[in-house]
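Thank you all for coming.

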Amino acid sequence: PDLADLAGRLVQGARPGEEVEAYVTHARTFEARAYDGEVESVSSAEPRGAGVRVVADGRVGFAYTTDLRGGGLEGVVAAARDNATHATRDEAAGLAPSWERAPEAIPALVEAGHERITPEQKTDFVLALERAARGQDARVKAVEDAVYADSHTRVAIATSTGVGGVYERTDAWSYAVAIVEEGSDTQMGFEFGLARSMQTLDHEWIAANAVRRGLAVLGARKIPSAKLPVVFDPYVAGQFLGVLGQALTGDAVQKGRSLFAGRMGDKVAAEGLTLVDDGRLEDAPGAAPWDDEGVPTRRTEVISGGRLASFLYDMRSARREGRASTGNAARAGFKSVPHASPTNLTFESSPVTAEEVLRRAGRALLVRDFHGVHSGANPVSGDFSVGATGLLLDGGEPGQPVKEVTIAAPMLDILDRIEVVASDRRWLPFGGSYGGATTLVSEMTVAGE
């Protein structure tokens, strides 16, 4: 069925004094896993459904259905309307306003030819990935995971307030986890790739980097405790942004769950450092013409020149402060309600290469992996104390592999001590989309022996 037509039909029955929103999706998904030279599993699905919100007298009701026929459509609106009568009243509740003009499309969200790739070609890809990882080096003892997955999704939204649109996207991702061994030492290496289609994923690159990351930390040991410059590689820089992003939504601030509460306009980072959220970056996983409430996406400077310039708002959190939404509503799918979240969050990069950043760091710790981020990083208090694995840099050159150390500093201190962000940005999906690049922090506490 035509998704835009379905969404439009769902909101036509809005009663006087209420607002109705319909969010409808139809996806085709595929995943294949390989192990020890064989296809371990293959799965595909075609989920589709509609989520409906009804707002009446400041109360919001939600219901969803996977039955997109007549009876299912009528029932889901009635259920959402009934649920609204039991909800707590919220003066900030409301739907997105009518578009003055339709948001500009992002053609790069769909890669031509994606639909013509057969399941056999996809399983061949994941087999080649696993085979390439096993063949990289004699020290590779196993490939724990070799995975390929993709999706082709269409999304439609309509509201009784005048919003209405549809877009589609293709996404593909793949990763490998290699286990390497030398003597009694065993380490693990991980690498992944993101693209719009399998056609632009490189299984050889993923395999080679997964193994290389594992081999690089063979022989890793603790080092004496010290205060050192610390370099985040793109992967861990993206993880750091994932923690930071939790504290940068208007909703988190309003609920007292952010270290940035009450700091609007203050200096919160190194002078000249700019943190941007941009839902229209074509090469980023979170790109879309409008957010999951139908608000056009945009570029928002969250930190501008070191000063806190904006939070990220959905409709509800924006209305609580008398502001406009920044186009940062997200949801897990048609079965969930929207919430405020980053779209594509990243520091603005410099022209400096990663190699130049390492040379500038001198004697420093290059962090290749974090451990315990969920327990050791607190976006409310700003505490940041996590386990780390990486390499000790000597004159900018990678040297002794390091493990079982803890790196620590308050998150605001980390932001203030960022000296340079390199040009090697890559996107990582961690409950959002975060663009990490090689990042030099002038000093952190490294706790080892």
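The largest cavity in this predicted model has a volume of about 60 Å³, where a cavity is a set of points on a 1 Å grid over the protein atoms alone at which a 1.4 Å probe fits but cannot get out, and the volume is the space filled by probe spheres set on points joined across faces, edges and corners. A search of the whole structure finds 1 cavity of 30 Å³ or more.

Before going on, residues are numbered from 1 along each chain as its sequence is written, and side-chain values use heavy atoms, without hydrogens and water. Local features need pLDDT of at least 70 and side-chain atom pairs count only at pLDDT 80 or more, while totals for chains, interfaces and linings use all residues.

Which element gives the largest share of the lining? That is α5, with 3 residues, and lining residues, those with an atom within 4 Å of a point, include F232, F347 and T439. By class, the lining has 8 nonpolar, 3 polar and no charged residues, with Gly counted among the polar ones.

Now to the strands, which are DSSP E runs of at least two residues. Strand β4, residues 59–65, is largely enclosed by the rest of the structure because 5 of its 7 residues are buried, meaning under 20% relative accessible area with a 1.4 Å probe. Strand β3, residues 48–56, runs antiparallel to β4 and is joined to it by 7 bridges, with R53 having F62 as its bridge partner in β4. In their hairpin, which has 2 residues between the strands, D57 takes a positive phi near 55°.

Notes: On a 1 Å grid over the protein atoms alone, a cavity is a set of points where a 1.4 Å probe fits but cannot get out, and a pocket is an open set with protein on both sides within 12 Å along at least five of seven lines; lining residues have an atom within 4 Å of a point. Helices (H or I, at least four residues) and strands (E, at least two) are DSSP runs, numbered from the N terminus. Buried means under 20% relative accessible area, exposed over 50%, partly exposed in between (1.4 Å probe, protein chains only). Two strands pair if DSSP finds at least two bridges between them.
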